Amino acid sequence: MAVREIIRMGHPTLRKVARQLHKEEIVGREIRTLVDDMVDTLHAAGGIGLAAPQINESVQLAIIQIPKLGSRYGELEELPLTVFVNPEISVVANACSAGNWEGCLSVPGLRGWVERPQHINLRYQDLEGVQHQREFTGFHATVCQHEFDHLTGHLFVDRMTDMTKLVFEDLLVPENVYHD
Ligand code: NI
């Protein structure tokens, strides 16, 4: 287990489509070690989500852990540490959108206002290679979209529609702030 370096916007790995993992890999030792490193790195950074490309591993793997009382996020609905392998999002028809001031460990110091659909269906595999299907709503739907965007080479800034709402975080009044 190790805290790994988080790469920042401008590093080419963040703009690649990550490759899918096949079952033999998912249950293998290398991916276990990678997930352990991601958990250590996420905890050291104090974030709520991390995708493998953020530590320069271009594979379809992300972790999310949302505490009930996040120090920076106010009171949230908890999501225990969950590992998502090969996730696929589909937005539920007619889902409402909502905005958050998103931040990213790969875009340190900045926040941007991003509006995203608030109801998604998600298919993913766990670390045993078992397929799951789950619905996520609200903030959890936002976090999933932000994290899994990293697996297709996207950053939150790509999802912004009003670039006047890209600001340094020390100038932001905390309200609907999300930082991965
Ligand atoms: Ni991010």
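Is Arg116 buried or exposed, and what is its relative accessibility? At 4% relative accessibility, Arg116 counts as buried; buried means under 20% relative accessible area, exposed over 50% and partly exposed in between, with a 1.4 Å probe and protein chains only.

This is a predicted model, so local features need pLDDT of at least 70 and side-chain atom pairs count only at pLDDT 80 or more, while totals for chains, interfaces and linings use all residues. Residues are numbered from 1 along each chain as its sequence is written, and side-chain values use heavy atoms, with hydrogens and water left out.

**View 1. Arg116 and its partner Glu102.** Here the two side chains meet in a salt bridge, at 2.8 Å from N to O. The term salt bridge is used for a side-chain nitrogen of Lys or Arg within 4 Å of a carboxyl oxygen of Asp or Glu. Arg116 sits in strand 7 and Glu102 in strand 6, 14 residues apart. Glu102 is buried too, at 0% relative accessibility.

**View 2. The hairpin of strand 6 and strand 7.** Strands (E, at least two residues) and helices (H or I, at least four) are DSSP runs, numbered from the N terminus. Strand 6 (residues 97-103) and strand 7 (residues 110-117) pair in the antiparallel sense over six bridges; to pair, two strands need at least two bridges found by DSSP. Asn100 stands opposite Val114 in strand 7. Six residues lie between the strands, and Gly109 in the turn has a positive phi of about 90°. Five of the seven residues of strand 6 are buried, so the rest of the structure largely encloses this strand.

**View 3. Helix 3, residues 138-149.** From first C-alpha to last, this 12-residue helix reaches 17 Å, close to the 16 Å expected at 1.5 Å a residue (that is, 1.5 Å times one less than the number of residues). Since 11 of its 12 residues are buried, helix 3 is largely enclosed by the rest of the structure. Among the buried ones are Phe139, Cys144 and Asp149.

**View 4. Asp37 reaches Arg4.** The closest N and O atoms of this salt bridge are 3.1 Å apart. Asp37 belongs to helix 2 (residues 29-45) and Arg4 to the segment before helix 1, so the pair ties together parts that are 33 residues apart in sequence. Asp37 is buried, at 7% relative accessible area, whereas Arg4 is partly exposed, at 25%.
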